[in-house]
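Subject: Handover of a structure and a summary of the findings

Dear colleague,

Please find below the structure that I am handing over to you.

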Amino acid sequence: MNRQANRYAPAALAILLACAGLTGCSSDGPTGSTASSAASAARSGASAVASAASSAAASAVGSAVASAEAAAEAALGKIKGGLDAKADVTLGSVATGSDGRMEVPVNAVNHDSKARRYTLLIKFKDQSGNLVDVVTVDIPEVAAGGTAHATARSNRNLTGTVTAEVSKAVRY
């Protein structure tokens, strides 16, 4: 993300220097008019730089989420002979942990007649429904007819209202 933000630094500097040059020039018109034009140009330039920086930051976050999702999908893809177990898994309420990461309690109920393992793909979304993080949760051994408890923790600090959903669950 720093590389992307640094890419826009020369443009921001050029805009600021151009605006400074405009305010230093004299003209036949009233001084207020020149200053007003320069201020308007500065606001325009600053807005463009802010928009570009915001896009770069969003792109970096989106890339990190896409990478996390790909890694999670790859982990699930390595499981041989697994069965869909989304119906066996429930989530509690999302809360911010002591380290700033979002946490959600996970419960897996094994309806099978022998002990099973579970691997889950949990997606964290913001209040607009945008994907902000993806994690996998492994539950090592759930006894036949038993329930296991785990916690899904986001990979990084998330802000605002965040929800979690079980995207995939595999029992094997």
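The notes below begin with the model as a whole and then turn to particular residues.

The structure is a predicted model, in which local features need pLDDT of at least 70, side-chain atom pairs count only at pLDDT 80 or more, and totals for chains, interfaces and linings use all residues. Residues are numbered from 1 along each chain as its sequence is written, and side-chain values use heavy atoms, with hydrogens and water left out.

**Confidence and overall make-up**

The average pLDDT (the predictor's confidence in each residue, from 0 to 100) is 73 for the protein chain, and 56% of the residues score at least 70. In residues 1-60 the pLDDT is below 50, and this stretch has 19 contacts in the model beyond near neighbours in sequence. A contact here means heavy atoms within 4.5 Å.

The protein chain contains two helices and eight strands. These are DSSP runs numbered from the N terminus, with helices being H or I of at least four residues and strands being E of at least two. Along the sequence, their pattern is α-α-β-β-β-β-β-β-β-β. Of the contacts in the protein chain with a separation of 6 or more, 66% are between residues 24 or more positions apart. Of the 172 residues in the protein chain, 27% are buried; buried means under 20% relative accessible area, exposed means over 50%, and partly exposed lies in between (1.4 Å probe, protein chains only).

Four strands form an open sheet in the order 1-8-5-6, with antiparallel pairing. Strand 1 (83-84) and strand 6 are at the edges with a single partner strand each, so one side of each has no neighbour in the sheet. Two strands count as paired if DSSP finds at least two bridges between them. Strand 5 and strand 8 pair in the antiparallel sense over nine bridges. Asp126, for example, has Val162 in strand 8 as its bridge partner.

**The nonpolar core**

In soluble globular proteins, nonpolar side chains tend to be buried together. A nonpolar core is a set of buried Ala, Val, Leu, Ile, Met, Phe, Trp, Tyr and Cys residues joined through side-chain atoms within 4.5 Å. Which residues have the most contacts inside the largest core? They are Leu120, Ile122, Phe124, Ile139 and Ala152, in a core of 22 residues. Two or more residues each come from strand 4 (101-109), strand 5 (116-126), strand 6 (131-142), strand 7 (147-157) and strand 8 (162-171). Strand 6 gives the largest share, five residues.

**Salt bridges**

Side chains of opposite charge can pair when their charged atoms come close. A salt bridge is a side-chain nitrogen of Lys or Arg within 4 Å of a carboxyl oxygen of Asp or Glu, and a search of the whole structure finds five. One of them joins the side chains of Glu103 and Arg153 (3.5 Å, N to O). This pair links distant parts of the chain, with Glu103 in strand 4 and Arg153 in strand 7, 50 residues apart. Glu103 is partly exposed at 27% relative accessible area, and Arg153 is partly exposed at 33%.

Another salt bridge joins Glu165 and Lys125 (3.5 Å, N to O). Here too the pair links distant parts of the chain: Glu165 is in strand 8 and Lys125 in strand 5, 40 residues apart. Asp112 forms a salt bridge with Arg116, with the closest N and O atoms 2.5 Å apart.

The side chain of Arg171 makes a polar contact with the side chain of Asp88 (3.2 Å).

Ser154 lies in strand 7 and is buried, at 1% relative accessibility. A polar atom of the Ser154 side chain lies 2.7 Å from the backbone oxygen of Arg156. Not counting residues up to four places away in sequence, Ser154 touches Arg101, Met102, Phe124, Asp133 and Val135.

Yours sincerely

Conventions
Polar contact = N/O pair within 3.5 Å; in protein donor to acceptor, adjacent residues only side chain to side chain.
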